[in-house]
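Student: I have a model open and want to learn how to read its packing. Can you walk me through it?

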Amino acid sequence: MLISELATVLTRPKFAAQASEDRAAAYIAALAAGSVLIEDPSERPVVTEDPGDDYLFALARAGRAHVVVSGDRHLTELQDSDPPVLTPRQFADRLEAENEADVS
């Protein structure tokens, strides 16, 4: 369901101006090929006011994700979510710090 949503989002005008339909399809195919695919969860915990966002948390929990990465303010401002929400910048910084620690 999430990959299908991404395909829909990438056809929106604000993204379509940056990438052709073929490029978006190639990105989605590469993402799906390099991903661990899990079944969509049937139970959804109530974490937010938006059932669609609750789906993300259910999927993250089912996949045992350590974090949810989002730039949506209504998610990044959640307190004590499980898993926690990081902005793309925070996530990139965390990955960089972990890489530096692994190299040391």
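Predicted model: local features only at pLDDT ≥ 70, side-chain atom pairs only at ≥ 80, totals over all residues.

Tutor: Residues are numbered from 1 along each chain as its sequence is written, and side-chain values use heavy atoms, leaving out hydrogens and water.

Student: How are H1 and H3 oriented to each other?

Tutor: Two packed helices are described by the angle between their axes and the distance between the axes. Here the axes of H1 (residues 2–9) and H3 (residues 21–33) come within 10 Å and cross at roughly 160°. H1 is therefore roughly antiparallel to H3 (angles over 145 degrees).

Student: Which residues of H1 and H3 meet?

Tutor: Ile 3, Leu 6 and Ala 7 in H1 meet Tyr 27, Ile 28, Leu 31 and Ala 32 in H3 (heavy atoms within 4.5 Å). The residues of this contact are seven nonpolar, no polar and no charged.

Student: Which residues form the largest nonpolar core?

Tutor: In soluble globular proteins, nonpolar side chains tend to be buried together. The largest nonpolar core here has five residues: Phe 57, Ala 60, Val 68, Leu 75 and Val 85. Such a core joins buried residues through side-chain atoms within 4.5 Å. Beyond its neighbours within four places in sequence, Ala 60 is in contact with Ala 65, Val 68 and Pro 83.

Student: Is Ala 92 buried, partly exposed or exposed?

Tutor: Buried means under 20% relative accessible area, exposed over 50%, partly exposed in between (1.4 Å probe, protein chains only). Ala 92 has 29% relative accessibility, so Ala 92 counts as partly exposed. Ala 92 lies in helix H6 (residues 88–103).

Definitions and conventions. Axes fitted to C-alpha atoms, helices over the stretch in contact; angles between N-to-C directions. Helix = DSSP H or I, 4+ residues; strand = E, 2+ residues; numbered from the N terminus. Parallel < 35°, antiparallel > 145°, perpendicular 65-115°, else oblique. Nonpolar A, V, L, I, M, F, W, Y, C, P; charged D, E, K, R; others polar.
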